[in-house]
Amino acid sequence: MEPRGTTVSHAELLKALRIEKHQREDHGRGPSRWPWIAGALVLLLALAGAGFWWMAGHRAIAVRTATAVSPASDPGAGAVLQATGYVTARRQATVSAQITGTLTAVLIEEGDHVTKGQVLARLDDSAWKAALDAAKAQAAAAHALVAQYRAQLVQDQRDAARQQSLAARGLVAKQVAEQARTLVDSTRAQLAAQQKQVAAAEAQVAQAQVNFDYCVVRAPFSGVITTKDAQVGEIISPLSAGGGFTRTGVGTIVDMDSLEVDVDVNEAYIGRVQPRMPAEAVLDAYPDWKIPAHVIAIVPAADRGKATVKVRVALERKDPRIVPDMGVRVSFLEAKPQAAQAPRGVLVPAKAIVRRDGRSVVFVVADGTVRQRAVQPAARDYGELKLLPDAVQPGDAVVLSPPPALRDGSRVRVETDKP
């Protein structure tokens, strides 16, 4: 039997180890970490919002632009009609030989510049040279006979004079003197006939010389070789003798100084075109190059199938970039008085002008950013263009239809219209 004092000690010990309810509540009311976590989340959200706002404010805005032009250089100013056509050459020839022969030399290539009379090709001339030598030999023989008849005539004339003197003195019969005079007349006739033979022989020599010269093909005028149509060893002929195996030309030469433009104008608008009317030509290959031109003539014939009339247009500026068969667009311009002066300022599309803070402004693009400029457009409209007397210079790129988010100093990215 344990002592009583020992039992009491165990009960007190258990009581001392038990945590009372009020003690647990006091412990739970200590400092909490949740407010710090919530504060950190709010700070992170604020930083993210600031970063997004900064990136949105510095992101490049996609815009489309147009170039400001001076009124004098406006491509559409004064144009009463536009038409399309092609560059043509008034002097163009396919060079060929005038005789049939085999080519022994071709001295041209595409793009070569040649002058009038320059040798382009040579034909085999052996047969023609032999014919020329034979004609010259026949002419020499004819000349020798003329000399023989001339000497015989002199002798006959002396004999006739002597016989005439003897007959006058009665030493010979008169018949002998008459026969001597007849011989003189006969020799004179033979001499005249032989002189005609000499002329015929000389003509044959000239003909043979011409045929011999035809073996050399020369340029008929100065120009540029555009095609080379034959090679050494091929037979060339002015006619298509031999079918497709015979060439009819050595090459094609074009006089670049004779280039002009042929355009087809709808017959409903042909009344707007007049001879000597100023015009402006733009080649399809060089759309930014404007060539001064003027109307040469209106061809007095219409194409019933296309209902068009051909108009010849002269190019007032020669340039190696202009070549035959190029596509071209011609603007027929309205003649303006010499005293008329272009207004001061530049022309810009009307949709480039917007209202900001109660005033009209445009945005000019420079080095990837825009600069806002206050403008005062002129009262007169130029079609879809507006005249700005100041604040914008010719050549400046202005923003079309500026978005509301665009401000002075905004970064932009210029977009081009896709075809």
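1. What share of the contacts in the protein with a separation of 6 or more comes from residues 24 or more positions apart? The answer is 75%, where a contact means heavy atoms within 4.5 Å. Before going on, keep in mind that this is a predicted model, in which local features need pLDDT of at least 70, side-chain atom pairs count only at pLDDT 80 or more, and totals for chains, interfaces and linings use all residues. Residues are numbered from 1 along each chain as its sequence is written, and side-chain values use heavy atoms, with hydrogens and water left out.

2. Now the overall picture. You'll find five helices and 24 strands in the protein; these are DSSP runs numbered from the N terminus, with helices being H or I of at least four residues and strands being E of at least two. The protein has 419 residues, and 30% of them count as buried. Buried means under 20% relative accessible area, exposed means over 50%, and partly exposed is in between, using a 1.4 Å probe and protein chains only.

3. Have a look at the open sheet of five strands, which runs β7-β6-β4-β9-β10 with mixed pairing. Two strands pair if DSSP finds at least two bridges between them. At the edges stand β7 (216-218) and β10 (246-247), each with a single partner strand, so one side of each has no neighbour in the sheet. Strand β6 (residues 119-123) is joined to β7 by three bridges in the antiparallel sense, and Val-119 stands opposite Arg-218 there.

4. Strand β13 (residues 278-283) and strand β14 (residues 290-303) run antiparallel and share five bridges, with Ala-279 opposite Ala-293 in β14. The two make a hairpin with six residues between them. β14 is also joined to strand β15 (residues 308-315), again antiparallel, by seven bridges. Asp-303 has Thr-308 in β15 as its bridge partner. This hairpin has four residues between its strands, and Ala-307 in the turn shows a positive phi of about 55°.

5. On to charges. Side chains of opposite charge can pair when their charged atoms come close. The structure holds eleven salt bridges, each being a side-chain nitrogen of Lys or Arg within 4 Å of a carboxyl oxygen of Asp or Glu. One of them links Glu-260 with Arg-90, with the closest N and O atoms 3.8 Å apart. Glu-260 sits in strand β12 (residues 259-266) and Arg-90 in the loop between β2 (79-89) and β3 (92-95), so this pair ties together parts 170 residues apart in sequence. Glu-260 is buried because its relative accessible area is 4%, whereas Arg-90 is exposed at 51%.

6. Asp-255 and Arg-91 make another salt bridge, with 3.4 Å between the closest N and O atoms. This pair also links distant parts of the chain: Asp-255 is in the loop between β11 (251-254) and β12, Arg-91 is in the loop between β2 and β3, and they are 164 residues apart. Asp-255 counts as buried at 10% relative accessibility, while Arg-91 is partly exposed at 40%.

7. Elsewhere, salt bridges that share partners join Arg-90, Glu-260 and Arg-312 into one network.

8. Buried or exposed: which is Ser-410? Ser-410 is buried, because its relative accessible area is 13%. You'll spot Ser-410 in the loop between β23 (397-400) and β24 (412-414). A polar atom of the Ser-410 side chain lies 2.9 Å from the backbone oxygen of Arg-407. Leaving out residues up to four places away in sequence, Ser-410 touches Ile-61, Gly-368, Thr-369, Val-370 and Ala-405.

Methods
Polar contact = N/O pair within 3.5 Å; in protein donor to acceptor, adjacent residues only side chain to side chain.
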